[in-house]
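Hi there,

Here is the structure I promised to pass on.

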There are 2 protein chains.
Amino acid sequence: MREKTLEEYLGCPFHLAMNTLEGKWKFAILYVLLDKGTLRFKDLERAIPDISTRMLVKELKHLEEKKVIVRKAYAEVPPRVEYSLSEIGKSLSPVIDSISDWGKSYANSLSEK
Amino acid sequence: MREKTLEEYLGCPFHLAMNTLEGKWKFAILYVLLDKGTLRFKDLERAIPDISTRMLVKELKHLEEKKVIVRKAYAEVPPRVEYSLSEIGKSLSPVIDSISDWGKSYANSLSEK
DNA sequence: CAGCATCCAGGAGGATACTG
DNA sequence: CAGTATCCTCCTGGATGCTG
């Protein structure tokens with residue numbers, strides 16, 4: 001039995017993390033940015049075909065407020081806005097990997113039976 | 001740039017994982033079972049004070065269908081039902097840890113500025 | 001191009017009361 | 001004890017059209 005309580009374990013950092021990663025499209029956006037580095041709004045929309053404009057805007061805004069991604073707007077016409085991961089955003093890689101890894105062994109364990 | 005596409009990476013195993021872990025209380029239940037090993041329904045309710053009976057039933061049922069937890073009912077009066085993690089359920093520990101770890105460094109990076 | 005405004009449906013999740 | 005059964009609210013997310 002672990003020594004930490006539910007409160008300590010799931011308490012602050014865990015819920016903080018879940019809070020910023022919650023939402024249908026967060027991981028997709030994160031992965032694409034992890035993959036490509038920097039993308040414009042339209043490119044993100046193309047990279048995640050099923051997302052609606054409204055949702056992409058909302059999720060990006062949320063991630064930006066949470067300091068996970070960085071938004072850089074250029075004063076040009078037509079407008080250009082580039083999104084990339086912050087340092088803390090890049091450090092999410094192990095999280096995505098561990099979930100993906102678990103998913104693989106989970107899929108295996110399901111097909112074995 | 002990674003070689004996998006969004007489809008390959010987020011495609012099957014990742015979404016499979018997210019699917020079974022989705023929901024407000026999944027991680028809380030998982031953590032408590034990881035912590036205590038085996039618990040009766042009422043004990044789970046006590047361990048997660050804010051959850052409603054309805055939600056606990058739903059989440060447990062979902063996790064059982066997904067083969068992540070094991071339900072064992074005893075033919076007694078009053079009834080006794082015990083929940084525990086399956087092998088694949090126990091292997092979720094790294095996922096929970098990586099999220100929790102990221103949450104910690106995230107909290108640090110927020111407070112530094 | 002990079003969004004914002006609006007409307008809308010469906011589902012997640014809460015509160016309460018009841019049963020074998 | 002271990003759930004069911006209802007009812008209800010709010011929020012997520014989709015569709016569409018418009019703007020600087």
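Chain A of this predicted model has seven helices and three strands, taken as DSSP runs numbered from the N terminus (helices are H or I with at least four residues, strands E with at least two). Starting at the N terminus, their order is α-α-α-β-α-α-β-β-α-α. Of the 113 residues in chain A, 44% are buried, meaning under 20% relative accessible area with a 1.4 Å probe, protein chains only.

In the interface, 44 residues of chain A contact 44 residues of chain B (heavy atoms within 4.5 Å). Because 100% of the interface residues of chain A are interface residues in chain B too, the copies meet through the same surface. No salt bridges turn up across this interface (a side-chain nitrogen of Lys or Arg within 4 Å of a carboxyl oxygen of Asp or Glu). On the side of chain A that touches chain B, α1 (6-10), α2 (12-21), α3 (26-36) and α7 (93-112) each supply at least two residues. The largest share, 16 residues, comes from α7(A).

On conventions: residues are numbered from 1 along each chain as its sequence is written, and chains are lettered from A and ligands numbered from 1 in the order written. As the model is predicted, local features need pLDDT of at least 70, side-chain atom pairs count only at pLDDT 80 or more, and totals for chains, interfaces and linings use all residues, while side-chain values use heavy atoms, leaving out hydrogens and water.

Best wishes

Conventions: Buried < 20%, exposed > 50% of the residue type's maximum accessible area, 1.4 Å probe, protein only.
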